[in-house]
Amino acid sequence: MSGSSLDPARGPRGGLDRPHKVPLPPGFGLMDWIRSAPQYAGLPRDVSPEELASHSSERDCWMAVRGVVYDVTPYLPYHPGGVPKLMEGAGKDATALFNQYHAWVNVESMLKKRVVGRLDSSFRLPSASALQPPPATPRKPCLEWNQDDTSMTIVVRSNRKEILRTQHINTFLKHCTLFIYLFLSDHVFSCRYKLQHAVKGVYIEAKNTSLQSTAAATVTLLKRDPGPWTRIGEALPGNRTLCRVKELAREKFPAVLVQKWRVNVNCWKFTFELPPHSNFDPPVGYHTFLSPVHNNDLVRPYTVVPYHFTQSYSSYEPSDESRGQADESDGDKCYVTFLIKLYPDGLFSQALASADEGDIFNITTFDGDFDISRLMDAHDVYLLAAGTGITPMLGIIQYCLLKDFLETRRVRLMFFNRTAGDIILRDELETLHSSQFSVTHVLSHGDGWAGETGRIREEMVREHCPGLTRDVDVTSTLVCVCGPNPFTDTASAILATLGVPIAAIHLFKS
């Protein structure tokens with residue numbers, strides 16, 4: 001797999017408002033800076049605007065961003081926009097300049113070793129507060145619409161720290177009722193309309209601008225019959241509401257089982273076709289709920305698996321565009337795939353085991369509490385997974401290995417299984433091995449296995465995840481754990497013994 005093939009965004013995408021980059025010599029990339037940045041020698045203190053202004057040359061360059069003063073002199077040759085561009089902020093409060101070009105960058109982590117102190121609040125320039133950390137509850141997005149003779153375009157604008165991707169936009173069309181869900185960290189903005197007229201297609205697009213961290217989710221409706229509409233349609237209860245994901249009322253949508261494929265001795269791949277014109281791509285770290293259409297009391301949570309990780313398990317190849325998003329060339333079909341372990345005594349396992357292609361299940365909107373901004377800020381990501389606990393990690397791996405971020409992430413995966421035959425996606429994970437990604441397989445029953453054996457232990461984690469200590473930087477380190485509850489509990493206890501702060505850990509609980 002190439003880096004570009006791992007990009008989860010589907011369909012047309014808006015570009016980021018980024019400055020022109022200049023070629024840098026070998027050894028001057030972002031990862032080189034992170035590894036070799038020298039520690040500023042002085043103790044943190046207040047800095048007046050006058051003192052800040054006295055450090056404005058290439059040999060002695062300070063600047064303030066978000067109220068913090070940094071000595072960026074050694075960083076100058078590492079700046080991808082070139083020295084002259086960075087010098088525009090020399091000796092000044094450069095927050096507005098930073099906001100214009102780099103609003104998504106975690107400057108606090110990147111320049112943490114170069115902190116001189118705080119810009120004296122009694123003298124702080126107005127621009128120092130131009131970019132504040134996002135509030136706990138995001139600002140409610142605004143909605144607008146426009147049309148031409150053949151289409152109706154709905155635009156939802158929001159202020160968000162994270163880069164908006166099509167994964168954050170879900171749409172469903174159910175009996176001429178349009179559902180739109182825009183995921184904003186742990187919140188979701190939902191819209192519900194009984195459309196004024198019928199449509200023949202629904203397409204989504206995500207656009208980002210660095211200026212003031214704004215993003216726009218665009219939903220385009222292709223009109224079945226050309227002509228003007230007087231409105232989108234009738235607003236239904238729950239329209240244009242912002243709430244926490246956990247508080248969202250779950251809508252159920254029919255999903256037709258189109259393929260059932262055995263992966264190994266007890267793990268199966270299930271592919272479902274969703275209603276026409278659906279756009280259903282999971283936000284990283286989120287799951288959905290499945291239930292048989294004839295028994296809605298039997299419900300289980302499962303994580304949708306990115307398409308690129310499941311291609312080898314089937315000759316059934318819907319178009320890449322139709323994975324999680326409607327595709328006009330495939331009849332506006334949308335498919336989602338799960339890797340599910342079946343247990344002989346499990347009620348839901350029995351329902352899946354007896355299901356035939358063509359059977360209908362119900363699928364819900366996504367649920368979860370994973371904060372994507374933590375992943376966005378992390379330079380070191382550690383993943384501890386057991387069995388099908390690998391499924392939420394796949395979205396994290398895919399996100400971390402996006403082409404735009406290859407230099408800024410290091411991902412270490414420890415994958416625990418019973419036997420070598422139980423390892424899901426072994427070849428696909430090995431293909432991704434690089435200086436940014438490594439995987440260690442551990443087998444509890446590994447007769448003849450040359451690698452690690454046994455169950456998760458403290459010394460094993462110490463060896464393969466040497467950075468996990470009480471000294472980890474919680475702003476740049478993330479540890480994710482997923483597996484059966486006993487595994488998760490043991491891993492959590494080991495991390496506590498190692499002194500890893502709770503703020504650096506996310507547990508996916510079964």
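A residue is called buried when its relative accessible area is under 20%, exposed when it is over 50%, and partly exposed in between, computed with a 1.4 Å probe on protein chains only. The model is predicted, so local features need a pLDDT of at least 70 and side-chain atom pairs count only at pLDDT 80 or more, while totals for chains, interfaces and linings use all residues. Residues are numbered from 1 along each chain as its sequence is written, and side-chain values use heavy atoms, with hydrogens and water left out. Helices (H or I, at least four residues) and strands (E, at least two) are DSSP runs numbered from the N terminus.

The aromatic rings come next. A pair of aromatic rings is described by the distance of the centres and the angle of the planes. Rings of Phe, Tyr and Trp (for Trp, the six-membered ring) pair if their centres lie within 6.5 Å; planes under 30 degrees apart count as stacked, over 60 as edge-to-face and the rest as tilted. By this rule there are 15 aromatic pairs. One of them, phenylalanine 280 with phenylalanine 366, is stacked, with 4.3 Å from centre to centre and 15° between the planes. Phenylalanine 280 belongs to the loop between strand E16 (267-274) and strand E17 (288-292), and phenylalanine 366 to the loop between strand E20 (360-364) and helix H7 (372-377), so the pair ties together parts that are 86 residues apart in sequence. Phenylalanine 280 counts as buried because its relative accessibility is 0%; phenylalanine 366 is likewise buried, at 0%.

A further pair, phenylalanine 416 with phenylalanine 487, is tilted, at 5.2 Å centre to centre and 55° between the planes. This pair links distant parts of the chain, since phenylalanine 416 is in strand E22 (residues 410-417) and phenylalanine 487 in helix H11 (residues 485-498), 71 residues apart. Phenylalanine 416 is buried at 7% relative accessibility, and phenylalanine 487 is buried at 11%.

Phe172, Phe179, Phe183, Phe253, Phe280, Tyr286 and Phe366 form one aromatic cluster. Charges also sit over rings, a term that requires NZ of Lys or CZ of Arg within 6 Å of the ring centre and within 35 degrees of the ring normal. Lysine 174 lies over the face of phenylalanine 253, 5.4 Å from the ring centre, and lysine 260 over that of tryptophan 268, at 5.5 Å.

Helix H11, which contains phenylalanine 487, has 14 residues. From its first C-alpha to its last, H11 reaches 20 Å, close to the 20 Å expected at 1.5 Å a residue, where the expected span is 1.5 Å times one less than the number of residues. Its buried residues are Phe487, Thr488, Ala491, Ile494, Leu495 and Leu498. Seen down the axis of H11, these fall within an arc of 125°, so they line one face of the helix; the arc is that of the directions from the helix axis to the C-beta atoms. On the other side of H11, Pro486 and Ala496 are exposed. With contact meaning heavy atoms within 4.5 Å, the cover over the buried residues of H11 includes strand E21 (380-386), E22, helix H10 (458-464), E25 and strand E26 (505-508). Just after H11, glycine 499 takes a positive phi of about 85°.

Strand E25 (residues 477-482) holds threonine 477, which is buried, with a relative accessible area of 8%. Leaving aside residues up to four places away in sequence, threonine 477 touches Ala378, Asp380, Tyr382, Leu468, Val472 and Ala504.

What encloses strand E16? Two strands pair if DSSP finds at least two bridges between them. Because 7 of the 8 residues of E16 are buried, this strand is largely enclosed by the rest of the structure. E16 is joined to strand E15 (residues 252-262) by 6 bridges, and the two run antiparallel, forming a hairpin with 4 residues between them. Within this pairing, arginine 262 stands opposite tryptophan 268 in E16. E16 also pairs with strand E19 (residues 334-341) in the antiparallel sense over 8 bridges, and lysine 341 in E19 is the bridge partner of cysteine 267.

Strand E5 (residues 115-119) pairs with strand E1 (residues 45-47) in the parallel sense over 3 bridges, and arginine 45 stands opposite glycine 117 in E5. E5 and strand E4 (residues 68-71) pair in the antiparallel sense, over 3 bridges.
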